[in-house]
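Please have the sequence and the 3D view open as you go.

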Amino acid sequence: MSYLIFDKTLLINLEESLTREVLRTNRKGAYHCTTIVDCNTRKYHGLLVMPVPQLDDENHVLLSSLDETVIQHGAPFNLGLHKYGEGIFSPNGHKYIREYTMEAVPRTVYRVGGVVLSKEKIFSRTNNRIMIKYKLLDAHSPTTLRFRPFLAFRSVKELTYANANANQSFEEVPNGIKICMYPGYPDLYMQFNKKVTFVYEPDWYIGVEYPKEQERGYPFKEDLFVPGYFELSIEKGESIVFCAGDAPRKYLEQLPVFIDEDIRQRTPRSSFYNCLKNSVHQLMYNPKQDDLYLLAGYPWFKVRARDLFIGMPGATLCVGERENYEHLMQTAIPALQTFMREGLPDPVIREIQEPDVLLLVVWCIQRYQEKTSLEETKARYGDLVKEIIEYLIDQRHPNLKVMDNGLVYSDGQKKPVTWMNSVVDGRPVIPRSGYIVEFNALWYNALCFYRELNGESEGVVERLIRELDVSFPATFVNRHNYLFDYVDGPNQDWSVRPNMVIALALNYSPLSRSQKRSVLDIATKELLTPKGLRSLSPKSEGYRPNCTGPQYERDLSYHQGAVWPWLTGVYLTAYLRLFGRSGVSFAERMLISLEEEMSQHCIGTISEVFDGNPPFAARGAISFLMSVATLLDVIDTLKIYDDINIPK
């Protein structure tokens, strides 16, 4: 039986099925995303969504959806589903769905009278192309299939409306057509593996609605262009394949065999671990042959430096893919050096100038050392670590200054400088500034790792470590035995936040064991939920647990009580460092709670945030790098215990 299976009862209940999304990507940044009943609920949804570099650096929805119609005895049964105004759904094709499964690829089984039809979607890993294989499993009379494509040709950040500027013409190509609605866009090729009839019947479908955009306070209605429909017959047991992409597909008659072989080569989503592993693979971004990045999340995030280096170990080393780690670092190092030597940002790795990024790079290299050896790490990355430490000690970073007490100071009053980076009216929601707790924990860890890497016991690095051994606890440990979130002169932030847990999870910490236990106890009592750590304790002023409503409301909530599952990895790492084997059963229970998300929200992955109060609904980006990678990191840590129950 499939690990991810959804039956008719759930599928016909739109309150349940429309909340479950599906994502498939390639390494070019293109993707397919919709719900498990193929009803688009976001403007980001589409069968083929892809970058169009000649226009901008955003993704664009070319092919929004494809309505299939089964025709028997002249009677049409439309399997499509769209939402229109006043709560109307049409044409209600979900009522024909009998089963939806997802292992190697998403698979839907429809039943229309005596017709049983399966549909499998395959998103090409190397090209901007969606392929859909239909197989007629059963039929008692001649059957015809009709396909009606819904075209958008617009940015994922915009909506489209019926207009006279759209080019409605098409050209025939082998077994299909090509069409391009606006200048600057590539041609969209729509083809089949066998001869097909195309009936030109251009029309605009007016007022298609996206309830997720309405929920988020954005415009949510658009018009989609349908140029006509394809029609062909299908025999019992026969497979036909539809493919749509920005280039023509050759050897069309071989498509069914090609797809079957492609499916066999894919890692099945047969366990929690395999789902997470597939998820990080979907976030790999390879826009040029020699470059490799990790996207921060789908459907709207690009490559972000902080997310890249936090997620890299879990996404590569912890799934046995050292070569991907080295490829990612090979791509990132020139960007890091350009920033340190010339002060220039990188056009792909965004936010590389943020104060904690270089500290996270050192931590990321430290994780490589744990999987290899000190000698190999020094040979490969020792020069980079040395350059980073010297760059920071020499006070060359524009917003990370080493103070006389050894601590590092950042100014975050007017612009957010930490991962808690929400902004409202141009100002940070949480102006974390001064001595920031996780910055200084990472700084101490970086200095200690540098000492380990180089075997130095004297000099400026050793002096800074000794100073931090005193100044870190003196500055951050308060009388209630947890850590201030940040300290700026006389201002001490007493909010109970999860950033203090980072100081416990690192290899090196200036805190004593008793101090670590006290901090972990407070975090457990006030921040821990089944989905991870809250960004703020309910007892702290300003607690806002629900990330709902328009952008302004969500920005106020993201870091004021919302749960961030990536911090589950940090918390469990700290827990296992303190309690070892006795903490394994607790870690298992936490992971099992998150395993429930495999069949929720976006199937087979973990979202960006959850509400801070029950029922802890998932919000934000539907697949988030740090959420997935840090859980893989914990599962990898648990492998040292031979009696764990987490699926491998």
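This is a predicted model: local features need pLDDT of at least 70, side-chain atom pairs count only at pLDDT 80 or more; totals for chains, interfaces and linings use all residues.

Residues are numbered from 1 along each chain as its sequence is written, and side-chain values use heavy atoms, with hydrogens and water left out.

**Exercise 1.** Find the order of the nine strands in their open sheet.

Solution. Start with the terms: strands are DSSP runs of E, at least two residues, and helices are runs of H or I, at least four, numbered from the N terminus. Two strands pair if DSSP finds at least two bridges between them. The order is then 1-9-10-11-12-19-16-15-14, with antiparallel pairing. Strand 1 (5-7) and strand 14 (171-173) each have a single partner strand, so one side of each lacks a neighbour in the sheet. Now zoom in on strand 10 (residues 106-112) and strand 11 (residues 115-123), joined by six bridges; Val112 has Val115 as its bridge partner in strand 11.

**Exercise 2.** Work out which strands are the edges of the three-stranded sheet.

Solution. Its order is 27-28-29, again an open sheet with antiparallel pairing. Strand 27 (435-436) and strand 29 (491-492) pair on one side only, which puts them at the edges. Strand 28 (residues 486-488) meets strand 29 over two bridges, and Asp488 has Asn491 as its bridge partner there.

**Exercise 3.** Check the span of helix 11 (residues 460-476).

Solution. The expected span is 1.5 Å times one less than the number of residues. For 17 residues that should be 24 Å, and the end C-alpha atoms are 23 Å apart, which agrees.
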